[in-house]
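Here is my note on the model, written as numbered points for someone new to reading structures. Please keep the sequence and the 3D view open while going through them.

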Amino acid sequence: SLPKKVTIIEVGPRDGLQNEKNEVPTAVKLEFIEKLQLAGVEEMELTSFVSPKWVPQMKDAKEIIESATKKGRQFVLTPNEKGVELAKLAGANSFAVFVGVSNSFNKNNINKTTQESMVGLKPIVESLLKEGHFVRACISTAFYCPYEGAIDPVKTMELCREFVSWGVNELSVADTIGMANPKESYLLFELIKGEFPTTLITAHFHDTRKMGLANIFAALQAGVDRFDSSAGGLGGCPFAPGATGNIATEDVVNMLHQMNIDTNIHLDLLVNAIDIIAPYVSRPIETGMYKLRKNS
Ligand code: HMG
Ligand code: MG
């Protein structure tokens, strides 16, 4: 049976903007974040502490974390010890670490093999957990890799298992380049929900091939009740060629509400948040619910 309530983890300020060509002013990002919180978003990825040479759009991470309201889980993405230390100094309390199942993707994304990443992350994650912080582990290329093609679900499960053995609070399992179909989504999330019943499980879909909503419905049927999505459908990873935006929050919220599933998010206020960022991004926002609301 379907859940009565679903939690949306808004990733627009991070995944949505990390690949944006235009430089978005920090004040605009902060207003976008504030309006998203006003719309009822309870969990969000605010920014990432990564190398400003690799991802220039996130170079204002310190100001974002220092200034944004951090009620609820407001995540910061951190690839290494340096990122975690900087994020803590800025006042972060919810952390997201990220690793690709595929070695080639991981090398391109964080300059390490998957195993090297895991060796480096283990003590970092364990001490964050010991200090009482919330840790979310993002598993990239869980279905397909832009360099290696199809990923064996056995390898994805191994990576999930390792994170769960460290005690992470949440797994966010990602279709990084938007290639998974609903059948594959159902099968993988059924495996994950079956094996890790006490860990929060989140699905992260990119909408490259317009299967995002169908994938969400498939994951819902497999028992998933947490989804990453991005207001305006912004997004993409600079190191995953061919990936476009995340599934759009407004379209997910609308679909769920139509099915009488609560999200706590107010659609009109969400549109107001998108209005803040729309003039600053290089791509027109053409998601279903945004266009409908603007034309009505
Ligand atoms: P590197 O060049 O191997 O590492 O990069 P390094 O240690 O030699 O550092 C290079 C420079 O970055 C140094 O500065 C460091 O101090 C600095 P320099 O001495 O040259 O002036 N540096 C940092 N600065 C700020 N914060 C840090 C940090 N670490 C080092 N944390 C590194 C390795 C991991 C830093 C680099 O590869 C990197 O930043 N990668 C980030 C890639 C990224 O952000 N990708 C997108 C997020 S993942 C994603 O989108 C997928 C997801 O959405 C799920 C899905 O869809 O799959 C989550
Ligand atoms: Mg992503």
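Which residues does alanine 248 touch, not counting residues up to four places away in sequence? Point 5 comes back to this with the reply.

1. Basis of the note. This is a predicted model, in which local features need pLDDT of at least 70 and side-chain atom pairs count only at pLDDT 80 or more, while totals for chains, interfaces and linings use all residues. Residues are numbered from 1 along each chain as its sequence is written, and chains are lettered from A and ligands numbered from 1 in the order in which they are written.

2. Overall build. The protein has twelve helices and ten strands, where helices (H or I, at least four residues) and strands (E, at least two) are DSSP runs numbered from the N terminus. Its radius of gyration is 17 Å, close to the 19 Å that the globule rule gives for 296 residues, so the protein is as compact as a globular protein of that length; the radius is taken over C-alpha atoms, and the rule is 2.2 Å times the number of residues to the power 0.38. Along the principal axes, the C-alpha atoms fill a box of roughly 50 × 40 × 35 Å. The unreviewed UniProt entry carries the annotation "domain: Pyruvate carboxyltransferase" for residues 6-271, with positions given in the numbering used here, feature names shortened, and the caution that annotations may be inferred rather than shown by experiment. Over residues 6-271 the chain is 43% helix and 18% strand, and the end C-alpha atoms are 19 Å apart.

3. Interior. Of the 296 residues, 50% count as buried, a word that here requires 20 or more other C-beta atoms within 10 Å of the residue's own, whereas 12 or fewer make a residue exposed and anything in between partly exposed, with C-beta atoms placed from the backbone. In soluble globular proteins, nonpolar side chains tend to be buried together. Among contacts between residues at least 6 apart in sequence, 73% join residues at least 24 apart.

4. Surroundings of the ligand. Ligand 1 is surrounded by 27 residues, and the closest are Val50, Ser51, Gly83, Ser140 and Thr176; a residue is near a molecule if its C-beta atom, placed from the backbone, lies within 6 Å of it. Helices H1 (12-18), H4 (81-90) and H5 (103-110), together with strand E5 (134-140), each supply at least two residues of this shell, and H4 gives the largest share, three residues. By class, the shell has 13 nonpolar, eleven polar and three charged residues, with Ala, Val, Leu, Ile, Met, Phe, Trp, Tyr, Cys and Pro counted as nonpolar, Asp, Glu, Lys and Arg as charged, and the others, Gly among them, as polar.

5. Alanine 248 and helix H10. To return to the opening question, alanine 248 touches Ser229, Ser230, Gly232, Gly233 and Thr287. Alanine 248 lies in the loop between E10 and H10, and it counts as buried because it has 29 C-beta neighbours inside 10 Å. Helix H10 (residues 249-258) is mostly covered, seven of its ten residues being buried; among them are Glu250, Asp251, Val252 and Leu256. The buried residues of H10 pack against strand E1 (7-10), helix H9 (212-221), strand E10 (226-229), helix H11 (267-277) and helix H12 (288-295).

6. Two asparagines to check. Asparagine 260 follows H10 and has a positive phi, near 60°; with 8 other C-beta atoms within 10 Å, asparagine 260 is exposed. Asparagine 111, in the loop between H5 and helix H6 (114-130), has a positive phi of about 65° although it is not a glycine, and its 13 C-beta neighbours inside 10 Å make it partly exposed.

7. The start of the chain. Leucine 2 lies in the segment before E1. Leucine 2 and leucine 220 are 218 residues apart in sequence and 6.5 Å apart in space, C-alpha to C-alpha.

Note on methods. Two residues are in contact if their C-beta atoms, placed from the backbone, lie within 7 Å.
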